[in-house]
Amino acid sequence: TYQQAQISGEMLNQVTIENLANGQIIRSNQNHPDSNPLVAGQYLVVESGRDQWPGRKEIYLRDLTQDQVSSNISRSVDVDDNIPVVSVEGIAVWYAMLPEGPRLMRYSVVDGLNPQRVTPNAFDERNPTISGNIVAFEGGAENSRDVYVHDLETGLQVNLTADPNNPNDYQPSISGTKVAFTSNRTGDLEV
C-alpha cells in the first residue's frame, strides 16, 4: 500500500512518491512542473501547470493503486487552483482564485462529478485541510481571518475562532475532532 510514503516536490520540480514498503518510485508527471503534493491512503493530489498557460495551475489526482496518469480534477479555465488536500476517502479540496475571490472547491472520487463549491460563503476561503468529511479552512477579509470547519455531508459550518479582538487565526490543520491553527491572540504567532 501507499499509506506510508515519502513525498518530495517543489515548484519547477517533479513530485515523486516512494513506497517505503517496496522502494517503488512513482512520478506524478514527467514533463511539467508539479508542486504542493499531498498523499492520503491511496490518493495523491498535486497542483500543476501542465494544461494551463504559464502561471496558472490546476489540481490533479492519482489513485496510486492504479497504473494510470493523474486526472485533472479541477477542470478550470483561466482560474488558478491552489493548495490541494485529499482525504483517504478520495475527497479532494482546494481553493480556486475565482473572480469574486478565493473560494473552496471539492471533488469526490466516489461520484466523479465536476468540481463544486464547498460553501456558499461570500468571503475569501483559503488553506483547506480535510479529515474524513470535515474541512477546516481560514476565511474572512484580508486583515481579519478566522478558522472554520465545514461538514461536507450536512453542510453545517462553524466559526471556531470568532473574536472581534483577534483579527487573525489561520493555517488550520485537522485530524478527526482536533483542529490546530496559528493565531496572534497574544501579540505573537502561536499554535
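Two rings of Phe, Tyr or Trp count as a pair if their centres lie within 6.5 Å, and planes under 30 degrees apart make the pair stacked. Keep that in mind for the first close-up; the model throughout is a predicted one.

**View 1**
The structure holds two aromatic pairs. In one of them, Phe 123 and Tyr 148 sit 5.1 Å apart, centre to centre, with 25° between their planes, so they count as stacked. Phe 123 comes from the loop between strand E11 (116-117) and strand E12 (124-131), while Tyr 148 belongs to strand E14, so this contact ties together parts that are 25 residues apart in sequence. Phe 137 and Tyr 148 make a stacked pair too, with ring centres 5.4 Å apart and planes at 10°. Here Phe 137 lies in strand E13 (residues 134-141), so the pair connects parts 11 residues apart in sequence. Put together, the ring pairs link Phe 123, Phe 137 and Tyr 148 into a cluster.

**View 1. How much cover do Phe 123 and Tyr 148 get?**
Phe 123 is partly exposed, with a relative accessible area of 23%. Tyr 148 has 11% relative accessibility, and because the cut-off for buried is under 20%, it counts as buried. Phe 137 is buried as well.

**View 2. Strand E14 and the partners on either hairpin.**
Seven of the eight residues of E14 are buried, so the strand is largely enclosed by the rest of the structure. E13 and E14 form a hairpin with two residues between them, and eight bridges join these antiparallel strands. The hairpin of E14 and E15 has five residues between the strands, and in it Gly 155 takes a positive phi near 85°.

**View 3. A nonpolar patch out on the surface.**
Leu 156, Val 158 and Leu 160 form this patch, with about 260 Å² of accessible area together. Leu 156 is found in the loop between strand E14 (144-151) and strand E15 (157-159). With a relative accessible area of 56%, Leu 156 is exposed.

**View 4. An open sheet of four strands.**
Strands run in the order E4-E5-E6-E7, with antiparallel pairing. Which strands stand at the edges? Strand E4 (34-40) and strand E7 (71-72) do, each with a single partner strand, so one side of each is left without a neighbour in the sheet. Zoom in on the E4 and E5 pair and you find five bridges joining the antiparallel strands. Ala 40, for one, has Tyr 43 of E5 as its bridge partner.

Notes: Residues numbered from 1 in each chain as written. Predicted model: local features only at pLDDT ≥ 70, side-chain atom pairs only at ≥ 80, totals over all residues. Heavy atoms only, no water. Patch = residues over 30% accessible without salt bridge, like charges linked within 9 Å, V, L, I, M, F, W, Y side chains within 5 Å. Areas by Shrake-Rupley, 256 points an atom, 1.4 Å probe, with all protein chains shown as cover. Salt bridge = Lys/Arg side-chain N within 4 Å of Asp/Glu carboxyl O. Buried < 20%, exposed > 50% of the residue type's maximum accessible area, 1.4 Å probe, protein only. Pairing = 2+ DSSP bridges. Phe/Tyr/Trp six-rings, centres within 6.5 Å; stacked < 30°, edge-to-face > 60°.
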